[in-house]
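Reader: I've got a model open and I'd like to learn how to read it. Could you walk me through it feature by feature?

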Amino acid sequence: MLDNAELERYSRQIMLFGEKGQQRLKDAKVFIAGAGGLGCPVALYLAAAGVGHLRIADHDVVERTNLNRQVLHWENDIGREKVLSVKEKLESVNPYIDVQAFHLTIDDSNVCELIGDSRLIVDAMDNYAVRYLLNRVAHEKDIPLIHGAIRGFDGQAMTIIPGKSACFNCVFPTAPPTEVFPVVGVTPGIIAMVQANEVIKYLLGKGELLTGRLLIWNGLCSEMEYLQVSRRQDCQVCGNKKG
């Protein structure tokens, strides 16, 4: 149950969706894959909103090159495990939530245990191998996946509901070349806000999700457009002809 301090903390949200809605957020468990440019603002805004149980996994440590965009990592965090840096900041922002941090590489051997009984998976990664893995496991466990990706001034986001909408493999059947890509800090901030908004809408059962639509952000002209995407019958993850 929400105590008096929580009712005061979330009062402006409760005006929108009531105490029952806020309780839904408090009871929810969300797995965030990645504690970098996307993962930091996603985690920050879910924590501020009162999503009660956050599980965050990342294998990296904080580097100075991260600081232009990974907003929960600061100068004195350089050399620290990213997940511990994030956990510390989130618990300071909101002491009413539970944050579990996992400093490791997400792979086939641990992904199911990391996700556990989470209601949602947030793809805040910067490599496609793990994205494909998250997509496959989301379908195996029948858990929605909130995808986000960025490069430079541009970004994209999409919500995947297993069995109902196009999956990640449908839209991206092959991975792009691996690269160290340029990025300005506001881009992951914008895309992460879209992802966090999708999480909150799903948990509350409100609004229209980004299913069947790939949101594309062009930061240089401040425009968003939507690419309609459909399930592919030959998709190896969600199609009718999967092997």
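Author: Let's begin with aromatic rings. Rings of Phe, Tyr and Trp (its six-membered ring) count as a pair if their centres lie within 6.5 Å; planes under 30 degrees apart are stacked, those over 60 are edge-to-face, and the rest are tilted. In this structure Tyr128, Tyr132, Phe168 and Phe172 make up one aromatic cluster. A word on the ground rules: the model is predicted, so local features need pLDDT of at least 70 and side-chain atom pairs count only at pLDDT 80 or more, while totals for chains, interfaces and linings use all residues. Residues are numbered from 1 along each chain as its sequence is written, and side-chain values use heavy atoms, with hydrogens and water left out.

Reader: How many aromatic pairs does the whole structure have?

Author: The search turns up five. Take tyrosine 128 and phenylalanine 172: their ring centres are 6.4 Å apart and the planes meet at 75°, so this pair is edge-to-face. To place them, you need helices (H or I, at least four residues) and strands (E, at least two), which are DSSP runs numbered from the N terminus. Tyrosine 128 lies in helix H6, and phenylalanine 172 in the loop between helix H7 (168-171) and helix H8 (186-204), so the pair ties together parts 44 residues apart in sequence.

Reader: And what about the rings of tyrosine 132 and phenylalanine 168?

Author: Their centres are 5.2 Å apart with planes at 70°, so that pair is edge-to-face. Tyrosine 132 is in helix H6 and phenylalanine 168 in helix H7, so the pair ties together parts that are 36 residues apart in sequence.

Reader: Are tyrosine 132 and phenylalanine 168 buried or exposed?

Author: First the scale: buried means under 20% relative accessible area, exposed over 50%, and partly exposed in between (1.4 Å probe, protein chains only). Tyrosine 132 and phenylalanine 168 are both buried, and tyrosine 128 and phenylalanine 172 are buried too.

Reader: Which charged end sits over the ring of tyrosine 128?

Author: The rule is that a charge sits over a ring if NZ of Lys or CZ of Arg is within 6 Å of the ring centre and within 35 degrees of the ring normal. Here arginine 131 has its charged end over tyrosine 128, 4.9 Å from the ring centre. Elsewhere, lysine 89 lies over the face of tryptophan 74, 4.6 Å from the ring centre.

Reader: Lysine 89 again! What else is aspartate 77 in contact with, leaving aside its neighbours within four places in sequence?

Author: Contact means heavy atoms within 4.5 Å. By that rule, and with those neighbours set aside, aspartate 77 touches Val62, Leu72, Ser85 and Lys89. Aspartate 77 is in the loop between E2 and H4, and its 2% relative accessibility is why it counts as buried.

Reader: Where does cysteine 167 lie?

Author: In the loop between E6 and H7. Cysteine 167 has 0% relative accessibility, so it counts as buried. Beyond its neighbours within four places in sequence, its contacts include His139, Cys235 and Cys238.

Reader: How many residues of helix H3 are buried?

Author: Eight of the eleven in H3 (residues 39-49), so to speak a mostly covered helix. Among the buried ones are Cys40, Val42 and Leu46. The cover includes helix H2 (11-27), strand E1 (29-33) and H8.
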